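Student: I have a structure open and would like to go through it with you. Could we begin with its pockets?

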Amino acid sequence: MPQAEFRPFPSTEGVIRCGSFSVEDLADRYGTPLYLYDFDFIRTRVRTFREAFQDTGLLLAYSVKANGNLGLLSRLGTLGVGADIVSGGELFRALQAGIGPGKVVFAGVGKTEEELRAGLEAQIYSFNVETVEELHRLEEMARERGGRAPFGIRINPDILSPTPHEYTRTGHAESKFGLPVQVAVELYRWAATRPHLHARGIDVHIGSQIVEQAPYKRALMSVLEVVHLLRKEGIQLEYLDLGGGFGIPYDGESMDIRALGRELTPLLKDSELRLILEPGRSLVGEAGLLVTRVLGLKVAGAKTFVITDAGMTDLLRPSHYGAYHGIRPVVEVENREVGVVDVVGPVCETGDFLALDREMPLPGPGELLGIENVGAYGFVMSSNYNARPRPPEVMVDRDEVFLIRERETYGDLVRGEVIP
Ligand SMILES: Cc1ncc(COP(=O)(O)O)c(C=O)c1O
């Protein structure tokens, strides 16, 4: 029986909790701003994917770009999860965290020779190749090393995926990602004549924060067409990587993973391919809360600003993508006046905001707010702009709590800089 899924960060007796801890206590202990992750929730998401796609030989390759913290990655590794990486740095992280190289797939439109070499040396499961030059380079390097390089080609299926922001669409013909079907087929044919290449699979990733099933079905169908064509020519692949991009409920709908599994599994039945999925956001997004303290309120003309100690340097998504994140008081106060406010950070940019025109109970100075759904593309997109040290990351797993990244110090800010 599939277990009912719980929501992370429930409120009990008016205080947000994470596992068996009060978020207020954690904020006192670690300071603010603070990234907080509920690993138990991530565990349930892993289980949901596995149950939904149980008949597909699924390799769940967590997309490290969403949140690459070593503590979180290593715990995911203990659940048997692999990694989807896009750089040598992410390969380093995955290996440091103890994820087996045999569960690593390497995507990315611009891999350097150094990165390809690192992947070959580590003996990763497969390179998801995105340019003709990349495959040629890989062949050359494998020939020089005397081995075989496993690869799949990332297909561009020419699907304009319905994502909330154009920056997160990657499957249309005029995006930089993947290769057109015809070019890919020619490359597979060429590779079949090269003894140092091993055509292991095929890959597609159409975008991020998608809540509809239809684009996945279309992407799968177009990739399966290529698989069948190649098979007729004697080129037998082992995996089909359908990428990630499954949407979470920032302010509404999310992808129903179980329903997607029911829709897609039958299509894969006779393909003799193992499925790879690369979820990032849908594994960790909802598991993150950014805890911030209100520094003050300011009225300017018709506007009311709530000024917090977290800003765009800590969470870039609102200003970069116009993204919505729910904001809740960590400790509820009854009969609070409700107002429409901009929640803004201390950074010297008008674009530094966490929410615009948000109706919410007006918090007082010193109160704590929780910014929801920040587990993915939160900390990893943070910066030191305005010489702001980045916040700590704390992971809770039921009744255990771990500081998995320390708050940066001023010393960290100037590390590596030289006064000549
Ligand atoms: C190739 C690839 N796989 C997986 C992902 C993960 O996407 P998401 O975090 O939306 O699941 C991305 C995101 O950009 C990607 O480019």
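Student: How do the residues lining the second largest pocket divide into nonpolar, polar and charged?

Tutor: Please note that this is a predicted model. The lining of the second largest pocket comprises eight nonpolar, six polar and four charged residues.

Student: Which residues lie nearest the centre of that pocket?

Tutor: Of the 18 lining residues, P164, Q209, Y250, D251 and R317 lie nearest the centre.

Student: And what is the volume of the second largest pocket?

Tutor: Its volume is about 280 Å³.

Student: Which domains does the lining draw on?

Tutor: Domain 1 (11-36 + 285-411) and domain 2 (107-279) each contribute at least three residues to the lining of the second largest pocket.

Student: Staying with the domains, what distance separates their centres?

Tutor: Taken over C-alpha atoms, the centres of domain 1 and domain 2 are 36 Å apart. In the contact, eight residues come from domain 1 and seven residues from domain 2.

Student: Let us turn to the ligand. How many residues surround it, and which are the closest?

Tutor: The ligand is surrounded by 13 residues, with S208, G245, E278, R281 and Y377 the closest. By class, this shell has two nonpolar, six polar and five charged residues.

Student: Which atom of S208 lies 2.3 Å from an oxygen atom of the ligand?

Tutor: It is a polar side-chain atom of S208. With R281, a backbone N or O atom lies 2.8 Å from an oxygen atom of the ligand. In the side chain of D84, an N or O atom is 3.2 Å from a nitrogen atom of the ligand.

Student: What share of the ligand's area does the protein bury?

Tutor: The ligand taken alone exposes 400 Å², and the protein buries 91% of that.

Key
Residues are numbered from 1 along each chain as its sequence is written. This is a predicted model: local features need pLDDT of at least 70, side-chain atom pairs count only at pLDDT 80 or more; totals for chains, interfaces and linings use all residues. Side-chain values use heavy atoms; hydrogens and water are left out. On a 1 Å grid over the protein atoms alone, a cavity is a set of points where a 1.4 Å probe fits but cannot get out, and a pocket is an open set with protein on both sides within 12 Å along at least five of seven lines; lining residues have an atom within 4 Å of a point. Grid points are joined across faces, edges and corners, and a volume is the space filled by probe spheres set on the points. Ala, Val, Leu, Ile, Met, Phe, Trp, Tyr, Cys and Pro count as nonpolar, Asp, Glu, Lys and Arg as charged, and the others, Gly among them, as polar. Domain bounds come from an automatic or database domain assignment. A residue is near a molecule or strand if one of its heavy atoms lies within 4 Å of it. A polar contact is a pair of N or O atoms within 3.5 Å; within protein, one must be able to donate a hydrogen and the other to accept it, and residues adjacent in sequence count only if both atoms are side-chain atoms. Accessible areas come from the Shrake-Rupley method with a 1.4 Å probe; for residues, only the protein chains shown count as cover. Contact means heavy atoms within 4.5 Å.
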